Amino acid sequence: MPNHFFRFKQFTVYQDKCAMKVCTDACLFGAWAADYLQNKNSSNILDIGAGTGLLSLLLAQKTTAHIDAAEIDGNAFLQAKENFESSNWKERLQVFNTDICDFNPAKKYDFIISNPPFFENDLKSLQQNKNAAKHDTALNLVTLAEIAKKLLSPAGYFAVLLPYHRTNYFINEAKKQGLYCNKTVLVKQTAGHTYFRSMLLLSAIETAAGEKEITIKDTTGNYTAAFSSLLKDYYLYL
């Protein structure tokens with residue numbers, strides 16, 4: 001049974017109300033996005049499908065941006081709100097209990113991040129909140145691309161975490177909306193595993209996409225240098 005909280009160096013994520021718990025790939029994704037943003041001037045960030053608020057908190061630690069988060073599930077919304085309010089950056093964090101399709105802010109965002117529902121058409125759980133969190137029953141990838149394009153500023157960037165097998169599908173659908181993949185990072189658990197996640201960075205600028213890979217653990221079961229470099233400011237024991 002997972003712990004009801006996950007403690008980082010500068011904040012704690014409580015997760016007892018949320019269907020989807022803190023996981024390594026989401027931490028890696030948030031840290032990768034935060035690392036990218038450190039050299040950018042992003043004043044407004046949007047987190048689509050906030051869950052516990054993990055991604056927003058990871059970005060808040062490394063940026064000075066105001067971060068809005070949208071979460072459709074009522075319990076997850078409350079969880080994110082509590083996690084934001086107990087953090088050092090509560091003045092810059094705001095969560096909205098809304099369907100992102102109905103979200104109409106008066107501004108565009110310099111950066112949008114999303115760890116969207118996974119595994120369309122795979123076996124679904126009897127628990128509806130887990131279905132909404134892990135499957136794209138509540139938000140499919142085509143709609144996500146449309147919304148990102150609508151809410152992103154002309155010079156903005158959109159970061160998304162996907163199951164590896166949905167990567168090319170999403171890149172093609174995003175291209176139809178005028179969003180082009182600028183960076184791709186393919187993620188493995190270990191060198192002996194196949195890719196299981198991809199981290200994408202997209203924008204309205206069409207350019208040759210650079211592709212890299214990152215492995216989470218080495219053959220001894222320890223975190224790799226690449227993983228540790230991204231997470232050392234977050235994980236307690238790195």
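Visitor: What covers the buried residues of α5?

Guide: In this predicted model, the cover over the buried residues of α5 includes β3 (44-48), β6 (109-114), β7 (152-163) and α6 (167-176). The buried residues themselves, within a helix that spans residues 141-151, are Leu141, Thr143, Leu144, Ala145, Ile147, Ala148 and Leu151.

Visitor: What makes Asn140 a cap of α5?

Guide: A side-chain oxygen of Asn140 lies 3.1 Å from the backbone nitrogen of Val142, at the N-terminal end of the helix.

Visitor: What makes helix α2 mostly covered?

Guide: For α2, residues 54-62, the count of buried residues is 9 of 9. Among them are Leu54, Ser56 and Ala60, and the list also includes Gln61 and Lys62.

Visitor: Why is the contact between Lys17 and Glu82 called a salt bridge?

Guide: The term applies because a side-chain nitrogen of Lys or Arg has to lie within 4 Å of a carboxyl oxygen of Asp or Glu, and here the N to O distance is 3.0 Å. The pair links distant parts of the chain, with Lys17 in the loop between β2 (12-14) and α1 (24-37) and Glu82 in helix α3 (residues 74-85), 65 residues apart. Lys17 and Glu82 also belong, together with Asp16, to a network of salt bridges, and the structure holds 8 salt bridges.

Visitor: How do you know that Lys17 and Glu82 are partly exposed?

Guide: Partly exposed residues fall between the buried range, under 20%, and the exposed range, over 50%. Lys17, with a relative accessible area of 31%, is therefore partly exposed, and Glu82, at 37%, receives that description too.

Visitor: Which residue forms a salt bridge with Glu85, and where do the two lie?

Guide: Glu85 forms a salt bridge with Lys81, the closest N and O atoms being 2.8 Å apart. Both residues lie in helix α3, 4 residues apart, which is about one turn of the helix. An α-helix has 3.6 residues a turn, so residues three or four places apart point the same way. Glu85, at 45%, and Lys81, at 34%, are each partly exposed.

Visitor: In the salt bridge between Lys176 and Glu173, which residue is buried and which is exposed?

Guide: Lys176 has 61% relative accessibility and counts as exposed because the cut-off is over 50%, whereas Glu173, at 14%, is buried because that value is under 20%. The closest N and O atoms of the pair are 3.1 Å apart, and both residues lie in helix α6, 3 residues apart, about one turn of the helix.

How values were computed
Residues are numbered from 1 along each chain as its sequence is written. This is a predicted model: local features need pLDDT of at least 70, side-chain atom pairs count only at pLDDT 80 or more; totals for chains, interfaces and linings use all residues. Side-chain values use heavy atoms; hydrogens and water are left out. Buried means under 20% relative accessible area, exposed over 50%, partly exposed in between (1.4 Å probe, protein chains only). Contact means heavy atoms within 4.5 Å. A polar contact is a pair of N or O atoms within 3.5 Å; within protein, one must be able to donate a hydrogen and the other to accept it, and residues adjacent in sequence count only if both atoms are side-chain atoms.
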